Amino acid sequence: MTTYVLVHGAWHGGWCWRHVAARLQAAGHEVHTPTLTGLGERAHLAGPEIGLRTHIDDLSGLLTYEGLRDVVLVGHSYAGLVVREAADRMPERVARITMVDAWAGRDGESLDDVAPGFFRDWIESVTVDGLVPPAPAATVGVTEPDQVAWLESKLTPHPRRTFSQPTRLSGAVDAIPCRAVLCTPGGPMPFVRLADEHGWAATVLDVGHDAMVTAPGELADVLLQDACGS
């Protein structure tokens, strides 16, 4: 049995992994889908003071208090920064990392530092009171009407500070095996370049950024390979 911890990206919550988690559990694995502070069912805690460090504390606390070890940490999009720093803090608890269309920075870099200018400009233009409202579902590759309605009913504003706060890495995370899952390989975000710069093996799923919504079976199949260490 493999223990998976699936960490959602910006504007989402643990709810977005529902269909992926069900497939992993049906295959006999343990799955945790935490919701980061200020999002999803924890949206009542949202505020401008929440930063990247808050979310890393969330994930580190889960690993500690649930006594999790030999974990496959999966980070989608923004959560790439979260899972990498949490793994750097406690590498003895993490067996593998999977980065699903995920952002990654080196020590001292923030998401703002690695994101393209148009994305930073959009963030600045829409931020209100330290919170960034969600964009339409189509911007993350979700266009099927039922999926659009489900996704947009659950997305919540995201704390702006999480994008500007730099990651803190000792280098321990770089010794942990990592795979990149590239869902928008031809898209405008630099996920392919980031994977190449870090030297990660990559699996391409041309299914749109929110693969856990649009292609949960395909994404689960890739994650199940991690249970075999392949």
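Which backbone oxygen does the side chain of H76 reach? That of H209, at 2.9 Å. Some notes on this and the rest follow.

Before the points, the ground rules. This is a predicted model, where local features need pLDDT of at least 70, side-chain atom pairs count only at pLDDT 80 or more, and totals for chains, interfaces and linings use all residues. Residues are numbered from 1 along each chain as its sequence is written, and side-chain values use heavy atoms, with hydrogens and water left out.

1. H76 sits in strand β3 (residues 71–76); helices (H or I, at least four residues) and strands (E, at least two) are DSSP runs, numbered from the N terminus. H76 is buried, at a relative accessible area of 1%. Here buried means under 20% relative accessible area, exposed over 50%, and partly exposed in between, with a 1.4 Å probe and protein chains only. The H76 to H209 approach at 2.9 Å is a polar contact: a pair of N or O atoms within 3.5 Å, where within protein one must be able to donate a hydrogen and the other to accept it, and residues adjacent in sequence count only if both atoms are side-chain atoms. Setting aside neighbours within four places in sequence, H76 is in contact with V7, H8, G9, W17, V100, A102, H209, D210 and M212; contact means heavy atoms within 4.5 Å.

2. **Strand β7.** Have a look at β7 (residues 178–182), where five of five residues are buried. C178, A180 and L182 point one way, R179 and V181 the other way, and all are buried. So if you check side-chain burial here, both directions from the strand qualify under the under-20% cut-off.

3. **What β7 pairs with.** Strands pair if DSSP finds at least two bridges between them. β7 runs parallel to strand β4 (residues 94–100), joined by four bridges, and A180 in β7 is the bridge partner of M99. With strand β8 (residues 201–204), β7 again pairs in the parallel sense over four bridges, and there L182 has V204 as its bridge partner. From β7 the chain crosses through helix α8 (residues 191–198) to β8, a right-handed β-α-β crossover. Right-handed means that, with the strands pointing away from the viewer, the path from the first strand over the helix to the second runs clockwise.

4. **Aromatics.** The whole structure holds eight aromatic pairs. The criterion: rings of Phe, Tyr and Trp (its six-membered ring) pair if their centres lie within 6.5 Å, with planes under 30 degrees apart stacked, over 60 edge-to-face and the rest tilted. One of the pairs is W15 with W150, edge-to-face at 5.2 Å centre to centre and 85 degrees between the planes. Because W15 lies in the loop between β1 (3–7) and α1 (18–26) and W150 in helix α6 (residues 145–154), the pair ties together parts 135 residues apart in sequence. W15 is buried, at 12%. There is also one aromatic cluster made of W11, Y78, W103, F119, W122, F163 and F191.

5. **Salt bridges.** Seven turn up in the whole structure, a salt bridge being a side-chain nitrogen of Lys or Arg within 4 Å of a carboxyl oxygen of Asp or Glu. Among them is R84 with D174 at 3.8 Å, N to O. R84 is in helix α3 (residues 79–89) and D174 in the loop between α7 (161–164) and β7, so this pair ties together parts 90 residues apart in sequence.

6. R160 and D112 meet at 3.0 Å, N to O. R160 is in the loop between β6 (158–159) and α7, and D112 in helix α4 (residues 111–114), 48 residues apart. Both are buried. D112, E124 and R160 are linked in a network of salt bridges.

7. **Positive phi.** Two non-glycine residues to look at in your backbone check. W11, with phi near 70 degrees, lies in the loop between β1 and α1 and is buried at 13%. D70, with phi of about 55 degrees, is in the loop between α2 and β3 and is exposed at 57%.
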